[in-house]
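Here is a friendly walk through one protein model.

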Amino acid sequence: MTEERKRIITENYKRVTEKIEEAKLRRDRSIQGEVTLLAATKTVDPEEILFAIHALGLAAAGENKVQEFLAKYDLLRGQAALHILGHLQTNKVRQIVGKVDMIQSVDSLHLAQEIGRRSQAAGVVTDVLAEINIGREENKTGILPEETRDFTNALEEIPGIRLRGLMTMAPVCRSKDEYLKYFCKTYEIYLDIFRKKSHNRIETVLSMGMSDSFEAAIEAGATMVRIGSAIFGPRIYL
């Protein structure tokens with residue numbers, strides 16, 4: 001890793017964290033709490049991820065694909081919280097249970113049950129987020145907004161998993177106001193389901209917003225943003 005790359009990543013990371021703090025100040029006063037920066041590290045070299053962890057304070061990183069997660073796992077294990085962000089096939093679950101800190105893309109009961117079954121067999125409890133398709137896009141995974149309550153209620157009954165909150169990926173929008181529409185709707189669903197549960201004793205997560213939309217997501221109430229290219233630059237596909 002060159003000194004130039006270190007300089008670029010450092011400057012990008014500082015710029016992103018400053019924007020996160022500025023976006024928090026623009027939130028409605030009713031929205032409280034911190035915002036976790038998760039680095040979306042698809043195609044990013046492990047050396048660069050480790051630099052962000054050790055030199056810049058990055059606390060969490062996420063991969064879209066199981067194969068890439070496993071390829072980096074031995075180098076990153078114990079260095080930061082590691083998440084799966086992309087669509088997860090049930091036949092891949094056994095490869096990551098016990099290794100991943102959170103699966104953000106639980107979009108079916110069948111998948112959740114497999115995660116629970118594999119987790120019980122491994123003697124662990126796996127944290128998960130329910131993925132909402134807030135834009136109702138046919139080419140994206142996730143449950144529909146009106147299905148969220150029944151879906152999350154069902155997830156809470158599955159042994160071996162712990163429901164921590166919600167995740168969404170907004171449609172590509174042309175303006176901040178368009179993003180806010182989707183993120184505010186997701187926040188309303190999140191509040192309705194999680195903040196009204198008196199028995200809830202865990203810190204809940206609302207994961208939404210990426211490099212092109214994280215400021216709007218924070219203003220709307222996100223507790224976690226998933227940022228890749230704004231930190232590491234454009235993805236390089238070999």
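Which residues of H7 are buried? They are Tyr-179, Leu-180, Tyr-182, Phe-183, Thr-186, Tyr-187, Ile-189, Tyr-190, Ile-193 and Phe-194. Here "buried" means under 20% relative accessible area, "exposed" means over 50%, and "partly exposed" is in between (1.4 Å probe, protein chains only). Helices (H or I, at least four residues) and strands (E, at least two) are DSSP runs, numbered from the N terminus.

Before going further, a word on the model: it is predicted, so local features need pLDDT of at least 70 and side-chain atom pairs count only at pLDDT 80 or more, while totals for chains, interfaces and linings use all residues. Residues are numbered from 1 along each chain as its sequence is written, and side-chain values use heavy atoms, with hydrogens and water left out.

Back to H7. Its buried residues pack against S5, H6, strand S6 (161–168), strand S7 (205–207) and helix H8 (214–220). Contact, by the way, means heavy atoms within 4.5 Å.

Now for two pairs of helices. Axes are lines fitted to C-alpha atoms, for helices over the stretch in contact, and angles run from 0 to 180 degrees between N-to-C directions.

| Helix pair | Angle between axes | Axis distance |
|---|---|---|
| H6 (residues 148–155) and H7 (residues 176–195) | about 40 degrees | 11 Å |
| H2 (residues 46–56) and H3 (residues 66–76) | roughly 45 degrees | within 10 Å |

Take H6 and H7, which are therefore oblique to each other. On this scale, angles under 35 degrees are roughly parallel, over 145 roughly antiparallel, 65 to 115 roughly perpendicular, and the rest oblique. H6 passes H7 in a right-handed crossing. A crossing gets that name if the near helix is turned clockwise from the far one by less than a right angle, and is left-handed if anticlockwise. Thr-148, Arg-149 and Thr-152 of H6 make the contact with Ile-189, Asp-192 and Ile-193 of H7. Sorted by type, these residues are 2 nonpolar, 2 polar and 2 charged. (Ala, Val, Leu, Ile, Met, Phe, Trp, Tyr, Cys and Pro count as nonpolar, Asp, Glu, Lys and Arg as charged, and the others, Gly among them, as polar.)

H2 and H3 are oblique to each other too, and H2 passes H3 in a right-handed crossing. Here Pro-46, Ile-49 and Leu-50 of H2 meet Lys-72, Leu-75 and Leu-76 of H3. That contact has 5 nonpolar residues, no polar ones and 1 charged.

Next, look at Ala-130, which sits in strand S5 (residues 126–132). Ala-130 is buried, with a relative accessible area of 0%. Leaving aside residues up to four places away in sequence, Ala-130 touches several others, including Phe-151, Thr-152 and Leu-155.

Two loop residues have a positive phi without being glycine. Thr-43, at about 70 degrees, lies in the loop between strand S1 (36–40) and H2 and is partly exposed at 28% relative accessibility. Arg-136, with phi near 55 degrees, lies in the loop between S5 and H6 and is partly exposed at 48%.

How many disulfides does the structure hold? The count is 0, where a disulfide is a pair of cysteine sulfur atoms within 2.5 Å. The sulfur of Cys-173 is 12 Å from the closest cysteine sulfur, in Cys-184, too far for a bond. Cys-173 is buried at 11%, whereas Cys-184 is partly exposed at 33%.
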